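Have the model open and follow along.

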Amino acid sequence: MEKDQKLIQEAALQFVIYGDFEKAVPYGKGHINDTFASQWNQAGLTVRYLHQRINHKIFVRPDQVMENIQRVTNHIAAKLEGLHDRSRRTLTLVPARNGGSWVRDSAGGWWRTYLFIEGTHTLDIASSPEEARFLGKSIGCFQNQLADLPQPRLHETIPNFHNMETRYQRFHQALKADICHRAKDAEEEIAFMLANEERGALLIKALKSGALPERICHNDTKMNNILIDDQPSKMEDPVFCVGDLDTVMPGTSLFDVGDLIRTVCTRAVEDEQDLAKVSFDPVFFQALLEGYLSEAKKFLTSEEKRLLLEGGRNITQIMGLRFLTDYLEGDHYYHISRDRHNLDRCRNQITLIRSIDAEWEKAEQIVSLLLA
Ligand code: ADP
Ligand code: GN1
Ligand code: MG
């Protein structure tokens, strides 16, 4: 941590921030990057900034990640011109003194800095249908805001990120190699994934064939990536900021609504070990879709509408598969904080899929009702 303090300060001082650096502390619950909040004295006023060391093992072209983020945030900010609290409704990159949007530290780290969005919170569990509706609306808005982003196409910051076919190839390799001798602890989960391989490829096949349109997609819309204003806002003018833009790139809209279904429609966090708490809630599903469709109904194609629920099942499956693969490979990808953490996460996601399947007809009726 002491070494980190030096590196954070070294990085932070390379951005155009006025005043005196006071301290920095780890911040947030992300699984991928290292996030810190710093405190500065700006002529007597205490101000915070948010610094992130980009995980460049995962994002092997951080420069392309930053180019995407710069374009996306500029585009959204232009759309929000004139609205109150504009800089609390989209991320704002702080420029580096070298004129770019990122800097390197002496240990090889890649850093970026955002304005710290004060007075917001994130949710790990939605506690009411109103919250679910709000979250759905926020992602519908976000998709709308980016629908007319000018060419060129965004960089694919992690190629094949939501490609179930390549995710399965990697899973099969991990299973065959079984380098940690862990397959024996996950027999049931492995069997589930093998039995669901074909169904899982449905979305990526539809995207590849053109049956689903390619759109700009966030690709990581789990609910704790959405910053929500602490002051309750009106549904006509919701104040939120969609964060964690590293994976904004081409995809299908269903990846985003799918990740919301995965995280919003159950009362349990994704690593909850008490599986009795993990269940799909049709009431939250309905509220989430009401919010989402209030923004997205106008642009979704009939195929996208038809596959809304499938999107939720699909993203839950891809997460379960990735957690299981990481477990088999020795926990290299996700931050873990206990033994078998990734296996717990996988079990949790499989439980959720089973619960979605049990409520499938009811949930499809809800979709039909909302689309009528
Ligand atoms: P990771 O990619 O590791 O998940 P995130 O970009 O999601 O990192 O950031 C981690 C957490 O930091 C978020 O869940 C959110 O709570 C918080 N956060 C991110 N950006 C900001 C910001 N500009 N202002 C305030 N909090 C932020
Ligand atoms: C990671 O960065 P974070 O924690 O918001 C992951 C997502 C997973 C999520 C599961 C780049 O998201 O794909 O859905 O964990 N991000 C990346 O919690 O792999
Ligand atoms: Mg995150």
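How do the residues of the shell around ligand 1 divide into nonpolar, polar and charged? There are 9 nonpolar, 9 polar and 2 charged residues in that shell. Keep in mind as you look that this is a predicted model.

**Around ligand 1**

The shell around ligand 1 has 20 residues, and Asn33, Gln52, Ile117, Asn225 and Asp244 come nearest. A polar backbone atom of Leu115 is 3.0 Å from a nitrogen atom of ligand 1, and a backbone N or O atom of Ile117 lies 2.9 Å from a nitrogen atom of the ligand. On its own, ligand 1 would expose 550 Å², and the protein buries 94% of that. Strands β3 (45-54) and β5 (110-115) are the elements that give two or more residues to this shell.

As for the overall setting, ligand 1 sits in the largest pocket. Both domain 1 (2-116) and domain 2 (129-371) give residues to its shell, so ligand 1 lies between them.

**Around ligand 2**

Now for the other ligand. Ligand 2 has 17 residues around it, with His31, Lys222, Glu270, Arg322 and Tyr333 coming nearest. That shell divides into 7 nonpolar, 4 polar and 6 charged residues. Which helix gives the most to it? That's α11 (residues 308-329), with 3 residues.

| Residue | Protein atom | Distance to an oxygen atom of ligand 2 |
|---|---|---|
| His31 | polar backbone atom | 2.8 Å |
| Asp220 | polar side-chain atom | 3.1 Å |
| Tyr333 | side-chain N or O atom | 2.5 Å |

Where does ligand 2 sit? In the largest pocket, which is also what was found for ligand 1. And why does ligand 2 lie between domain 1 and domain 2? Because domain 1 (2-116) and domain 2 (129-371) both give residues to the shell around it.

Terms used
Residues numbered from 1 in each chain as written. Chains lettered and ligands numbered in written order. Predicted model: local features only at pLDDT ≥ 70, side-chain atom pairs only at ≥ 80, totals over all residues. Heavy atoms only, no water. Near = heavy atom within 4 Å. Polar contact = N/O pair within 3.5 Å; in protein donor to acceptor, adjacent residues only side chain to side chain. 1 Å grid on protein atoms, 1.4 Å probe; cavity = no way out; pocket = protein on both sides within 12 Å on 5 of 7 lines; lining within 4 Å. Sits in = over half its atoms within 2 Å of the grid points. Helix = DSSP H or I, 4+ residues; strand = E, 2+ residues; numbered from the N terminus. Nonpolar A, V, L, I, M, F, W, Y, C, P; charged D, E, K, R; others polar. Domains from an automatic or database assignment. Areas by Shrake-Rupley, 256 points an atom, 1.4 Å probe, with all protein chains shown as cover.
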